[in-house]
Amino acid sequence: MIIVVANSKGGVGKSTLAVHLAAWLHKQGHRVTLADCDTQQSSSEWIREAVPEVRAVRLDNPDMILNDLPQLCQETDFVVADGPGSQTETSRALLLRADLAIVPCKASMLEVRALAKATDVLRQAQDIRAGKPEAVIVLSMIGKNYRLTKDMMDAAAALDLPLATRALVLRQVYADAPGQGSVVWNLGSRAQEAAEEADLLFREILPGAVKIRGRKPSSVKSKKAAVA
Ligand SMILES: Nc1ncnc2c1ncn2[C@@H]1O[C@H](COP(=O)(O)OP(=O)(O)O)[C@@H](O)[C@H]1O
Ligand SMILES: [Mg+2]
């Protein structure tokens with residue numbers, strides 16, 4: 001399964017989400033590749049330090065993405081692609097290959113309104129591919145006492161994209177994790193709340209990937225496919 005973390009805006013939490021998702025899938029017993037498709041290449045360095053068992057590759061041009069992703073997907077159970085901030089052609093290539101797109105978005109009306117523009121390329125891919133990739137919006141960097149407003153739910157509904165009920169709170173520990181070469185599950189008690197919320201978020205998005213009694217499940221389906 002190829003999962004892309006995509007939003008053409010920078011600084012919305014893509015790399016943080018991609019590295020944590022790759023680490024979480026590894027923790028569930030899957031073989032995982034993290035495809036770093038951003039020219040900054042920070043997530044491949046981060047995952048190499050944090051979870052060396054996850055294979056890290058750099059795919060920073062559209063041809064490499066279109067040509068190499070299917071093979072990578074055969075070699076591991078999951079490919080998690082960390083998308084670029086701005087290179088439209090790189091995003092397009094990823095969305096033409098992905099099974100699932102996770103769209104992180106900061107929790108403000110301005111950011112949610114900007115999502116229409118930031119998901120243009122996603123809609124093109126879904127149009128060309130008869131609805132694929134499935135997509136889900138994940139709110140990132142929300143305040144601790146944040147409540148989803150009706151405005152925001154309406155804005156997400158207008159885009160015809162589901163919104164995950166779990167979200168990632170704005171916490172210093174996420175910002176510290178790359179500098180420590182680690183992920184929240186390995187940062188001890190100060191990261192406990194973050195570790196729990198990230199676990200709940202990924203369980204919600206990928207229920208079929210959750211480890212069952214020490215063994216990984218034989219087939220993995222994303223949220224929508226699992227309930228279909
Ligand atoms: N939930 C969070 N809480 C606090 N800081 C965060 C959180 N998610 C991301 N950050 C920080 O915000 C900045 C942008 O996040 P990043 O994952 O690099 O976004 P992107 O890849 O979309 O540019 C980074 O400094 C990162 O450490
Ligand atoms: Mg990034």
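In strand β1, Ile 2 and Val 4 point one way, Ile 3 and Val 5 point the other way, and all are buried. Buried denotes under 20% relative accessible area, exposed over 50%, and partly exposed the range in between, with a 1.4 Å probe and protein chains only. The model is predicted; local features need pLDDT of at least 70, side-chain atom pairs count only at pLDDT 80 or more, and totals for chains, interfaces and linings use all residues. Residues are numbered from 1 along each chain as its sequence is written, chains are lettered from A and ligands numbered from 1 in the order in which they are written, and side-chain values use heavy atoms, with hydrogens and water left out.

Confidence is given as pLDDT, the predictor's score for each residue, from 0 to 100. The protein chain averages 91, and 93% of the residues score at least 70. Over residues 223-228 pLDDT stays under 50. For that stretch the model has 7 contacts beyond four places in sequence. Where pLDDT is low, the predicted coordinates should not be read in detail.

The sheet is open and holds 6 strands in the order β3-β2-β4-β1-β5-β6, with parallel pairing. β3 (55-58) and β6 stand at the edges with a single partner strand each, so one side of each is left without a neighbour in the sheet. From one strand to the next the twist averages 20 degrees. Helix α5 (residues 109-118) packs on the sheet and touches β5 and β6. The direction of α5 makes about 145 degrees with that of β5. Helices (H or I, at least four residues) and strands (E, at least two) are DSSP runs, numbered from the N terminus. Strands pair if DSSP finds at least two bridges between them.

Individual pairings follow. β2 (residues 32-36) and β4 (residues 78-82) run parallel and are joined by 5 bridges. Here Thr 33 stands opposite Val 79 in β4. β1 and β4 pair in the parallel sense over 4 bridges. Val 4 has Ala 81 of β4 as its bridge partner. β1 (residues 2-5) is also joined to β5, in parallel, by 3 bridges. Ile 3 stands opposite Leu 100 in β5, and Val 5 has Ile 102 as its bridge partner there. β5 (residues 100-106) is mostly covered, with 6 of its 7 residues buried. Between β5 and β6 (residues 134-140), which run parallel, there are 7 bridges. Val 103 has Ile 137 of β6 as its bridge partner.

Two packed helices are described by the angle between their axes and the distance between the axes. Helix α1 (residues 14-27) and helix α9 (residues 192-205) have axes that come within 11 Å and cross at roughly 80 degrees. α1 and α9 are therefore roughly perpendicular to each other. Axes are lines fitted to C-alpha atoms, for helices over the stretch in contact, and angles run from 0 to 180 degrees between N-to-C directions. Angles under 35 degrees count as roughly parallel, over 145 as roughly antiparallel, 65 to 115 as roughly perpendicular and the rest as oblique. Leu 17, His 20, Leu 21 and Trp 24 of α1 meet Asp 199, Leu 201, Phe 202 and Arg 203 of α9. The residues of this contact (heavy atoms within 4.5 Å) divide into 5 nonpolar, 1 polar and 2 charged. Ala, Val, Leu, Ile, Met, Phe, Trp, Tyr, Cys and Pro count as nonpolar, Asp, Glu, Lys and Arg as charged, and the others, Gly among them, as polar.

Gln 172 lies in helix α8 (residues 172-176). At 56% relative accessibility, Gln 172 counts as exposed.
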